[in-house]
Amino acid sequence: MSRRLLGLLLVLPALAVIAFLFILPLIMSAVGAFQVEGAFGWGNFTKTFDLYTKDIIFTVVIVSLSTVLIGIASVAIGGYLTLGEHPVAVAILRWLYRWPMFIPFIVVGQILRTFLAKNGMMNNTFINLGLLTPLDAVSFLDWRGIVIAFVWKQTPFVALLVAGAMASINRDTIEAARNLGASRLRLLVEIVVPQVAMTLTVGLILSFVTMMSVLSVPLMINAQSPTMLTADIAFRVNSYGDYGVANALGLISLVLASSVAWIYLRASLKERA
Amino acid sequence: MIAAPNSARSNPLAALWWVPRGIVFGLMAFFIFGPLFNLLLWTVAEKWYFPYSLPLEYGFSSWAKVFAPRGGAMQSLTNSLIVALLTVVASLALAIPAGYALARLKLPLRGLILLAFLIPQAFPNLTVYVNIARIFYEIRLNGTIAGVVLVHVSHGLVYAVWIATAAFSAIDAELEQAARNLGAGAFRAFLDVTLPLAAPGLMASAIFVFLESLDEFTGSYFVGAPDVNMLPLLLYTTAAGGNYQIASITALLLLVPSLVFMLIVERFLKADVLSRVGH
């Protein structure tokens with residue numbers, strides 16, 4: 001048997017699962033997006049843009065902002081773990097940063113809901129420390145709460161990937177640049193980050209698409225308008241049984257997410273070429 | 001965060017670097033552990049209302065409610081664990097051959113195949129799960145453990161396959177070749193040489209899949225509920241009902257395995273495997 005055929009045979013069962021349990025329902029929902037009372041048409045999309053344009057923009061802004069913040073934070077953490085000179089400080093950070101990594105999104109939603117509320121633990125601590133007066137305390141349970149929840153949960157995952165990639169870089173180039181007197185910020189930006197760019201991109205894309213799909217965080221933290229598309233889809237199905245608009249919203253999220261995945265594909269093809 | 005000592009060796013001012021470090025680490029610790037501590041307080045709060053910063057009375061009456069035989073939480077816990085374990089077994093059975101092929105054998109459209117496993121993570125699952133529920137209803141898989149496991153497998157495969165691929169490509173291909181040259185068959189060489197070497201990476205992918213399954217909410221809701229109750233669903237309904245004590249205890253039950261795995265994951269996921277994820 002040729003190696004090619006064997007390879008395809010080995011991949012096939014896993015691909016079949018994706019095909020039947022994801023692509024097929026995905027096609028059903030894509031077709032459903034264009035179905036208005038049994039006939040094909042654009043009706044669902046007109047309705048979607050009438051009702052949810054604000055939420056589409058809201059979702060894109062929130063997820064993009066979170067992705068940028070996650071990228072900065074994970075490069076900072078990975079960079080300090082790689083370039084930090086004080087072993088105790090590095091050990092503290094290594095111990096500290098990973099805690100939220102595997103905490104389920106629904107748990108993140110629950111604990112941040114109580115932490116970020118107007119009379120939650122964050123404001124209470126600031127008030128007790130005298131940094132805030134009770135009158136100035138505001139609830140963070142709006143778009144800021146969603147961004148905080150996403151960054152809180154996703155940064156450790158990306159930082160773990162990035163720090164791992166940074167650890168496997170050839171140290172000689174770093175030492176050479178250091179001996180030439182390069183500052184550590186410059187080392188990080190000009191030497192370390194370019195070498196882990198691929199891993200960082202993969203981590204951020206995985207985070208981006210994960211955040212696009214999370215229902216529990218917007219439901220738990222901010223279900224009022226404007227909210228994220230996932231909450232809108234759930235609302236459309238649960239309250240109106242309106243699968244047409246729900247499927248149209250789903251299709252719009254797919255376009256948003258796949259445009260990001262396309263960046264990855266292009267980068268990886270370029271690297272292989 | 002990048003600010004740190006440049007000359008820690010003999011500089012007497014080096015100790016001063018602990019001031020910015022202390023502030024940054026302190027803030028990080030507050031934002032990481034504050035919410036977790038808040039959760040712990042809620043699990044033992046008997047009475048806690050505005051404007052008090054701390055509970056007025058502590059006790060374990062909510063715990064007794066959760067673990068009561070008819071509380072429903074035990075059943076949710078068992079269901080969640082069974083589903084997660086079955087999901088791991090099924091995902092690895094699919095991901096080991098696929099990961100090996102993607103790492104070692106010449107495959108046409110390799111990038112596209114890798115990307116295909118990302119699809120379930122790239123689409124708001126909700127609409128897909130609604131349609132899966134419709135299909136499963138037809139073939140009587142709705143409301144069964146098997147149905148929920150299948151949904152979780154499709155969702156967790158990206159971790160299983162990507163990490164398994166990275167784990168296999170981190171192993172020197174010549175080791176397997178050496179075993180072949182000594183007369184071992186292809187399957188024998190894989191079983192005795194490559195698989196044990198890849199085991200830590202595969203263990204890491206199993207951990208990711210397990211947690212992904214435990215975390216999963218939307219699919220379980222559409223395909224499982226109300227026949228198969230899972231912990232995330234219990235958490236959501238109790239939190240929506242305003243019962244923060246029960247919600248927090250459920251959240252804690254979901255948290256403990258997550259934290260345990262977090263502490264041990266780097267033992268399995270080494271840098272050489274990590275740097276190959278997604279390549």
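This is a predicted model: local features need pLDDT of at least 70, side-chain atom pairs count only at pLDDT 80 or more; totals for chains, interfaces and linings use all residues.
In chain B, domain 1 covers 12-59 and domain 2 covers 65-274. How many residues of domain 1 of chain B are in contact with domain 2 of chain B? There are 4 residues on the side of domain 1, and they meet 6 residues of domain 2. On the domain 1 side, helix 1 of chain B (residues 18-43) supplies the largest share, 3 residues. Sorted by class, that side of domain 1 of chain B has 3 nonpolar residues, 1 polar residue and no charged ones.

Stay with chain B and find two of its helices, helix 7 (residues 145-169) and helix 9 (residues 186-215). Their axes come within 8 Å and cross at roughly 155°. Angles over 145 degrees count as roughly antiparallel, so helix 7 of chain B and helix 9 of chain B are roughly antiparallel to each other. The crossing of these two helices of chain B is right-handed. You can trace the contact residue by residue: helix 7 of chain B brings, among others, His152(B), His155(B), Gly156(B), Tyr159(B) and Phe168(B), while helix 9 of chain B brings residues including Thr194(B), Gly201(B), Phe208(B) and Glu212(B). By class, this contact between helix 7 and helix 9 of chain B has 12 nonpolar, 7 polar and 1 charged residues.

Two loops of chain B are also worth a visit. One lies between helix 3 (73-104) and helix 4 (110-116) of chain B, and it holds Leu109(B). Leu109(B) has a positive phi of about 55°, although it is not a glycine. Is Leu109(B) buried or exposed? It counts as exposed, because it has 10 C-beta neighbours inside 10 Å, and 12 or fewer is the cut-off for that label. The other loop runs between helix 6 (125-138) and helix 7 of chain B, and here you will find Arg140(B). Arg140(B) is not a glycine either, yet it has a positive phi of about 60°. With 9 C-beta neighbours inside 10 Å, Arg140(B) counts as exposed.

Now move over to chain A. Helix 4 of chain A (residues 105-116) packs against helix 6 of chain A (residues 143-167) at an angle of about 130°, with their axes 10 Å apart. That angle makes helix 4 of chain A oblique to helix 6 of chain A. Helix 4 of chain A passes helix 6 of chain A in a right-handed crossing. From helix 4 of chain A come Phe105(A), Val108(A), Gly109(A), Leu112(A) and Leu116(A), and they meet Gly145(A), Ile148(A), Ala149(A), Trp152(A) and Lys153(A) of helix 6 of chain A. This contact has 7 nonpolar, 2 polar and 1 charged residues.

Helix 6 of chain A has another partner, helix 9 of chain A, and the axes of these two come within 9 Å and cross at roughly 160°. Helix 6 and helix 9 of chain A are therefore roughly antiparallel to each other. Their crossing is right-handed. Helix 6 of chain A contributes residues including Phe150(A), Gln154(A), Phe157(A) and Ala165(A), and helix 9 of chain A contributes, among others, Thr199(A), Gly203(A), Ser207(A) and Met211(A). By class, the contact of helix 6 with helix 9 of chain A has 9 nonpolar, 5 polar and no charged residues.

Why does Gly203(A) count as buried? It has 26 other C-beta atoms within 10 Å, and 20 or more is the cut-off for buried. Leaving aside its neighbours within four places in sequence, Gly203(A) is in contact with Ser74(A), Phe157(A), Val158(A), Leu161(A) and Val162(A).

Finally, bring the two chains together. Their contact takes 84 residues from chain A and 80 residues from chain B. On the chain A side, the largest share, 18 residues, comes from helix 1 (residues 3-33) of chain A. The side of chain A that touches chain B divides into 57 nonpolar, 22 polar and 5 charged residues.

Terms used. Residues are numbered from 1 along each chain as its sequence is written. Chains are lettered from A and ligands numbered from 1 in the order in which they are written. Two residues are in contact if their C-beta atoms, placed from the backbone, lie within 7 Å. Helices (H or I, at least four residues) and strands (E, at least two) are DSSP runs, numbered from the N terminus. Ala, Val, Leu, Ile, Met, Phe, Trp, Tyr, Cys and Pro count as nonpolar, Asp, Glu, Lys and Arg as charged, and the others, Gly among them, as polar. Axes are lines fitted to C-alpha atoms, for helices over the stretch in contact, and angles run from 0 to 180 degrees between N-to-C directions. Angles under 35 degrees count as roughly parallel, over 145 as roughly antiparallel, 65 to 115 as roughly perpendicular and the rest as oblique. A crossing is left-handed if the near helix is turned anticlockwise from the far one by less than a right angle, and right-handed if clockwise. Domain bounds come from an automatic or database domain assignment.
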